[in-house]
Amino acid sequence: QVQLVESGGGLVQAGGCLRLSCAASGRSFSTYIMGWFRQAPGKERDFVATISRSGTNTYYADSVKGRFTISRDNAKNTVYLQMNSLKPEDTAVYYCAADNGGGFLTRNRYDYDYWGQGTQVTVSS
């Protein structure tokens, strides 16, 4: 089992940037595929990005491609989401998630086994 704690959210103006972090407990962090999702009020929890166990492969939602970058540091048990050129429509609670069983990257939230508590990102226009 792994516990996930997100940080780094906040209020930023459109065009600005933020870096989210997700710290994982446990010794097996490098065995998990990691992902970021977001949920705006009244909406479904949507896929943002995912990264392979080694960090070599990544996959992004079209809405964030070219603006967001997912990365991980297995020595620090941490996954990051660098968010640039933020837009008001990026406003949401951002969650990190860990996939314990998959052998490939997935955007399906039901494939992820563990979730953090979320961190709020608000982008003002």
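These legends describe close-up views of a predicted model.

**View 1. The disulfide of Cys-22 and Cys-96.**
The count of disulfides comes to one. Cys-22 and Cys-96 form this link, with their sulfur atoms 1.9 Å apart. The turn about the S-S bond is 40 degrees, and the link of Cys-22 and Cys-96 is right-handed. Cys-22 sits in strand S3 (residues 18-24) and Cys-96 in strand S9 (residues 92-99), so the pair ties together parts that are 74 residues apart in sequence. Cys-22 and Cys-96 are both buried.

**View 2. Cys-17, a cysteine too far from Cys-22 for a bond.**
Which cysteine sulfur is closest to that of Cys-17? The closest belongs to Cys-22, at 20 Å. A disulfide needs sulfur atoms within 2.5 Å. The sulfur of Cys-17 is therefore too far away for a bond. Is Cys-17 buried or partly exposed? Cys-17 is partly exposed, with a relative accessible area of 44%.

Arg-67 lies in a loop. That loop runs between strand S6 (58-60) and strand S7 (68-73). Arg-67 has a relative accessible area of 10%. Buried means under 20%, so Arg-67 counts as buried. Leaving aside neighbours within four places in sequence, Arg-67 is in contact with Gln-82, Met-83, Asn-84, Ser-85, Leu-86, Lys-87 and Asp-90.

**View 3. Backbone oxygens at the side chain of Arg-67.**
Which backbone oxygen lies 2.9 Å from a polar atom of the Arg-67 side chain? That oxygen belongs to Ser-63. The backbone oxygen of Ser-85 lies 3.0 Å from a polar atom of the Arg-67 side chain. Ser-85 is also among the residues in contact with Arg-67.

**View 4. Ser-85, a loop residue with positive phi.**
Ser-85 is found in the loop between S8 and S9. Its phi is near 50 degrees. This is a positive value in a residue other than glycine. Ser-85 has 42% relative accessibility and counts as partly exposed. The backbone oxygen of Ser-85 faces the contact already described, 3.0 Å from a polar atom of the Arg-67 side chain.

**View 5. Asn-77, a buried loop residue.**
Where does Asn-77 lie? Asn-77 lies in the loop between S7 and strand S8 (78-83). Phi of Asn-77 is near 55 degrees, a positive value in a residue other than glycine. With a relative accessible area of 17%, Asn-77 is buried.

How values were computed:
Residues are numbered from 1 along each chain as its sequence is written. This is a predicted model: local features need pLDDT of at least 70, side-chain atom pairs count only at pLDDT 80 or more; totals for chains, interfaces and linings use all residues. Side-chain values use heavy atoms; hydrogens and water are left out. Helices (H or I, at least four residues) and strands (E, at least two) are DSSP runs, numbered from the N terminus. Buried means under 20% relative accessible area, exposed over 50%, partly exposed in between (1.4 Å probe, protein chains only). A polar contact is a pair of N or O atoms within 3.5 Å; within protein, one must be able to donate a hydrogen and the other to accept it, and residues adjacent in sequence count only if both atoms are side-chain atoms. Contact means heavy atoms within 4.5 Å.
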